Structures are given as C-alpha cells and as structure tokens.
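Dear colleague,

Please find the structure below. My notes on the ligand site and the salt bridges follow it.

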Amino acid sequence: MAETKWWQKSVVYQVYPRSYQDSNGDGVGDLPGLTSRLPYIKQLGADVIWLNPIYESPDQDNGYDISDYRKIQPVYGTMADFQTLLDRAHELGLKILMDLVVNHTSDQHRWFQESRKSKDNPYRDYYIWRDPKNGGEPNNWGSFFSGSAWSFDAQTKQYYLHLFASGQPDLNWENPAVRQSVWEVMRFWLDKGIDGFRMDVINLISKPQGLPDAPQADGAAFGSAGALVANGLRLQEFLQEMNDQVLSHYDIMTVGEMPGATPASAIKYAGLDAKKLNMVFQFEHVGLSANPDRRLGKWNDQPVKLLDLKKTLSHWQTDLDGKGWNSLYWNNHDQPRAVSRFATDDPKYRVRAAKMLATTLHMMQGTPYVYEGEELGMTNAHLTALSQYEDLESLNAYHEFVDKEGLVDGKTMLAYLANMSRDNARTPMQWDNSDNAGFTNGHPWYALNANYPEINVQSALTDPDSVFYYYQKLIALRHDFDVISLGSFQELDPHDDKAFAYFRQLQGQRLLVVSNFTKQNIRRDYNQQVAKKMLIGNYADSGQDSALFRPYESKVFLYE
Ligand code: TEU
C-alpha cells in the first residue's frame, strides 16, 4: 500500500468566516474573531480548517465574486490579521485551506473592467465574449442563479458568459495568460504558508467548443448548461498543467468541488495516482431529493429516502477504494443543515440523530468535513417569509419560478426554500445563550437561528453527552484506528430501509457500523455479540443489548 498522506488521516472543519465570530462589533464575522476561536476548533480535534473566501469582493455571492485575489476583504480584517491567523493555527497544529475561486471573478475585478473596455483590450480574452445570435443571447444556457447565463454589454455590443450571477463573469481558461495569472495567484498564497486549496466548481473551467445549446426541459426558460459544461474536453490538461506548474511544488492538500462528478471522473481528476487533485466534492447524495419537475432543479420539500442514500454513499466507498479518495460531508455553506435534511431536528430526537449521522459518515473511508455548527447539531432555520432570505440563489429562484414563470405558487416555493436554501447554513455560529449567541455585540449581518439559546457551544461544552463531545470521540477514533481511515468498505443489507449497516476491514481488524435511521426500535443481529468491544454508541447504555437499536441509535463494534 502506498504511504498514507497526511490528508488521509485528517478531519477538516469548514469555517464560513462572515458567520463565525465577530471581533469588532460590525455584525460580521472576521479573522481576529476566528483566531480567538482556534482553541475551540483544536479542542474538537480537527486537523485542517477550510476557510470560505476572504478576498476583496463586492459580496454579490458572499465572497465567491472576487475583485482582488491578493487583498483581504476589509470587513474580515487585514493581511496582517490573516498572517496572525495562519501563524496561530500552525502553532496549534492546525492547517489552513483557502478557497480558490477561478472559474470566474467579480465583474469589479480589474481584469474584467479592462476586458469590457474594448474588443482589442489586452484583457478582452480573459473572459468569454460572443456576438448576439438572432438578436439575442449566443445560446440557451441558464445561470445556476436563475435567468440567462449571458449578459449584454452595450459598450462593445457583445454578450459575456456567467454561469452564476451576472456579477461573476467566467474566465476564459482557453487563454494561456489566464492560466498563468491563476498560477501566480496560487503561488502568492502558497508562499505565505497555506496548506492547500478547496477549488470552487473547478470542473466547469473547460467550456465545450462552439458553446452549443444545452438540453432544455419542456417549458423551461433556459437550457441546463451544468452537465454540458462539467468535465470539459481540456479539464484534464488544465489540471495537469496546474499540478506541474504549482501543486507538485508544495506539500499541500487539494479538494476540487465538482458538480456532477462520478466515481470515474473523481478517479480521473483526483485518483490516488493521478497527480492532479487529492479528492473531490461530489454532489450525488446532496442531490437525491431533486424535484421531479426538472425545471425546478434542487428545490423541493421531500425527505431523502434511506435506500437512495445508502446506495449512493456505498457505491462511492467501493468505487473509489484503492483508486481515489472520498471527501465525506453532510453539509456545507451551500447545503441545508445535516440533521434537518437527512434525519430529524425534532427536539425529542435531534441530539441522537445528529450523533447517528456523524457515526454513519465518520466511520467511512475518506476525509470527513465538519461544517461549522454541525458539531452542535445545529438545525435549519425554518424560515417562513421571503424577507428572511438573503442569498441571491434563493431570492432569484423565488422570483424566477413564482413571479416570472409561474411554475410554482409562493407558498410551495417558500416550503422549498425552507427545506433546501443555502441560507439555512449561513445563520451565525451559536456560541452561548447571550445576545446574538455571542457571535457579535453589534447587529448581526444575518438573523440567528431562533434556537440558539438551547443549541450553542457553551451548553455543549458543559454537557458530557453533547453532540460536540461525540464528534470529538469520533475524530479521536479516526486518528487512532487505521481501519477507519484506510480500511475497505462492505455494505450489509442494501434493501434494509430502516438501518444502514456496513463492515470496514483492514488486515486483522474489522468494524461493524450500524445506524438506525428511524424513530422506531429495531433489531439487527450481524453477530456483533462476538465483537471484541463496542468502540462507540450514541446511547449511554448502547452496550447492553447489542442487537437492539432504539430511535436513531448507532453503534460501532470492533472485531480482531
Ligand atoms: O457552488 C457551486 C455549485 O454547484 C452551486 O450551484 C451550489 O452547488 C448550489 O449553490 C447549491 O444549491 C460554489 C460555491 O460553493 C457557492 O457558494 C458559490 O455560490 C458558487 O460556487 C459560485 O462560485
């Protein structure tokens, strides 16, 4: 077996900086605030912190629209604050991943400001400009954030491409000067000592030749470009060049966000021997409850079915084993809160359910990612009015599907938003039961979840049975048992629609992991009574009757 890389034994903690900890009372999280909370992240046992974008940005998409890659967004602090954060993290043995957003920039970036000036500007070909076709957009592509993926620029009478908001023009990766500029940005941060990158929609950078129309569902206003653009012809070449020019010169970790990724593409672009990226964020499990009306995409109010969830998580485990490396996540800044989405946030069961989900994921092969607040069992915000939303994805979808196209009524769309919006993940971190949960002593940029007096770090740290201490134990087990990080995976009873059970095996060690995803008592006997010991369970007396699984009960048994 090839030598184990440090990121194969690591657990990553994701920080959405604007919602983590405010230090100066402006109501927005910042770098000094995060620095003050590093001991908490260390106490959890995480090894790496993934920091969502902190670069200068007009914040149309909360930092995913970058106007200067080499400057810190003033609301987060200064470059000196960043260096202090990085140095303090390293002193504590924590590594820092930055978020590399290079499929697009902000329209306020100097490159775009130049590019739009004239057709012969040296930066014109940094972006994707096309003449009108039949007096309108060059093709039928829709934006991920609703509307067309093209905007007309009167200055030069051409359209420019933006797969996301009009303030996020796509970079033209066919242009070697663009790639060179990206390599320089990456070196700028790596030479400061960061430990790697999470790469935003990195599999969208190679657009199809000729930019042909995309498949368009009956009645849809635009074509769905995602599948057409993902994993483009030259992606392999661009990632190879990135590795040759930058990545191979540093001992770092990379994870590529790849909408539409499959195990085959993950192995191709992030295989164990691929010498490109180390792993990918795939979207199969978080896309399971897509709306049957394809025009509505992800927006739905349906629960995820356990059989579907087991099928996708299991095949990613077996398909990548020995060939690629899984990222393991339930949620992030783009996804609703895990316990609400995949189990229940009913106060009667929430803590158990959060621990059960954590067991199910953290006992798998791969690198786990814990999103800020997930370690507390933070829940969806259960918003009820459009005025409570701030994310452009949510607001644009409502206006397009309800007001413009009349595909769905307002009440139904509000239910979809409550279930699926990114806003659920962006309510501020809940530190204690004081005003604004200790997140800020000013006016918070976004309203806190109403349940912060009950769900917060202060109460978690004083409760030995809290979700926090359970995550701490799971992370410690990963550090102690190679069978967890490196062992093979074998699912048991794929047709069981109440429990998720699997074996892990490495040399002479074998684990049995069983999770009850229901509110009922169930019995499952996989011969666990012969286990050497029970490693962890989410009920204090889980060891008494090894085959009994009470509501949301999970258990891990070790055989040797
Ligand atoms: O998200 C990429 C992406 O696929 C989005 O469509 C995301 O999955 C969707 O919002 C889920 O509903 C990345 C970033 O994670 C996201 O925050 C940015 O808004 C987006 O790229 C554009 O940079």
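**Ligand site and salt bridges**

A polar side-chain atom of Glu393 sits 3.0 Å from an oxygen atom of the ligand, a polar contact being a pair of N or O atoms within 3.5 Å. The protein covers 95% of the 490 Å² of accessible area that the ligand has on its own (Shrake-Rupley method, 1.4 Å probe). Ligand oxygen atoms also lie 2.4 Å from a side-chain N or O atom of Asp334 and 3.0 Å from one of His104.

This is a predicted model, in which local features need pLDDT of at least 70 and side-chain atom pairs count only at pLDDT 80 or more, while totals for chains, interfaces and linings use all residues. Residues are numbered from 1 along each chain as its sequence is written, and side-chain values use heavy atoms, with hydrogens and water left out.

The ligand is surrounded by 19 residues (a heavy atom within 4 Å). The shell divides into 7 nonpolar, 3 polar and 9 charged residues.

There are 30 salt bridges (a side-chain nitrogen of Lys or Arg within 4 Å of a carboxyl oxygen of Asp or Glu). One of them pairs Glu257 with Arg198 at 3.2 Å, N to O.

Regards

Definitions and conventions: A polar contact is a pair of N or O atoms within 3.5 Å; within protein, one must be able to donate a hydrogen and the other to accept it, and residues adjacent in sequence count only if both atoms are side-chain atoms. Ala, Val, Leu, Ile, Met, Phe, Trp, Tyr, Cys and Pro count as nonpolar, Asp, Glu, Lys and Arg as charged, and the others, Gly among them, as polar.
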